[in-house]
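Here is a short report on one protein model. Look over the sequence and the fold first, then read on.

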Amino acid sequence: MTGPVEERPGKSAPTQGAPSQGAPAEGAQTQGAQAEVGGQRRSGLRNPDKAVRGLGAGTLALEALVLLLAIQPIRVVGGDLSGAAIAAIVALAVACVALAGQMKRAWAWHAGTVLQGLLLLSGLLHWSLFALGVMFALVWAYALHVRRVILG
């Protein structure tokens, strides 16, 4: 497929001396830079609060799903999974779902952090719960970092 390159219809080549479409005009912000508006940093999102709430709720919902789906593999591969460990897994999953629905409240972020600590503590019941706790604590720490960066 060699030959002359055709331009797409509706797009014209930039004229000599005119700035190209990708280059910003003088004084304009670049696409990736965050603009300063009234002394506040803008994230570029239409609704940063809603985006951050969605991140937190999605993280907790995913955690609940993984916890519930992990019960059977832990029983088969990990060996002895007591009734207390299963009850702790179900209770933590229910708490994750409940918190996911409350992410618009500021205390829910603190409660989510406590929930990660409880998952780590449930590692006393079974070692694989500790491993899941470490993974989700890291994911939650990243979600908190993104929240801090976006909301300031």
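How many residues does helix α2 have, and how far does α2 reach from its first C-alpha to its last? Helix α2 (residues 83-100) has 18 residues and reaches 26 Å. That is close to the 26 Å expected at 1.5 Å a residue. The expected span is 1.5 Å times one less than the number of residues in the helix.

## About the model

This is a predicted model, in which local features need pLDDT of at least 70 and side-chain atom pairs count only at pLDDT 80 or more, while totals for chains, interfaces and linings use all residues. Residues are numbered from 1 along each chain as its sequence is written, and side-chain values use heavy atoms, leaving out hydrogens and water.

## The whole chain

The protein chain has four helices and two strands. Their order along the sequence is β-β-α-α-α-α. Helices (H or I, at least four residues) and strands (E, at least two) are DSSP runs, numbered from the N terminus.

Of the 152 residues in the protein chain, 26% are buried. Buried means under 20% relative accessible area, exposed means over 50%, and partly exposed is in between (1.4 Å probe, protein chains only).

The buried residues in α2 are A85, A88, I89, L92, A93, C96, L99 and A100. Seen down the axis of α2, they fall within an arc of 130°, so they line one face of the helix. The arc is that of the directions from the helix axis to the C-beta atoms. An α-helix has 3.6 residues a turn, so residues three or four places apart point the same way.

What does the face of α2 turned away from its buried side carry? It carries the exposed residues G83, V94 and V97. The buried residues of α2 pack against α1 (48-77), α3 (106-121) and α4 (127-151). Contact here means heavy atoms within 4.5 Å.

## Helix α4

Helix α4 has 25 residues. From its first C-alpha to its last, α4 reaches 36 Å, close to the 36 Å expected at 1.5 Å a residue. Its buried residues include L129, F136 and W140. The buried residues of α4 pack against α1, α2 and α3. Just after α4, G152 takes a positive phi of about 85°.

## An exposed leucine

L121 lies in helix α3. Is L121 buried or exposed? L121 is exposed, with a relative accessible area of 52%.
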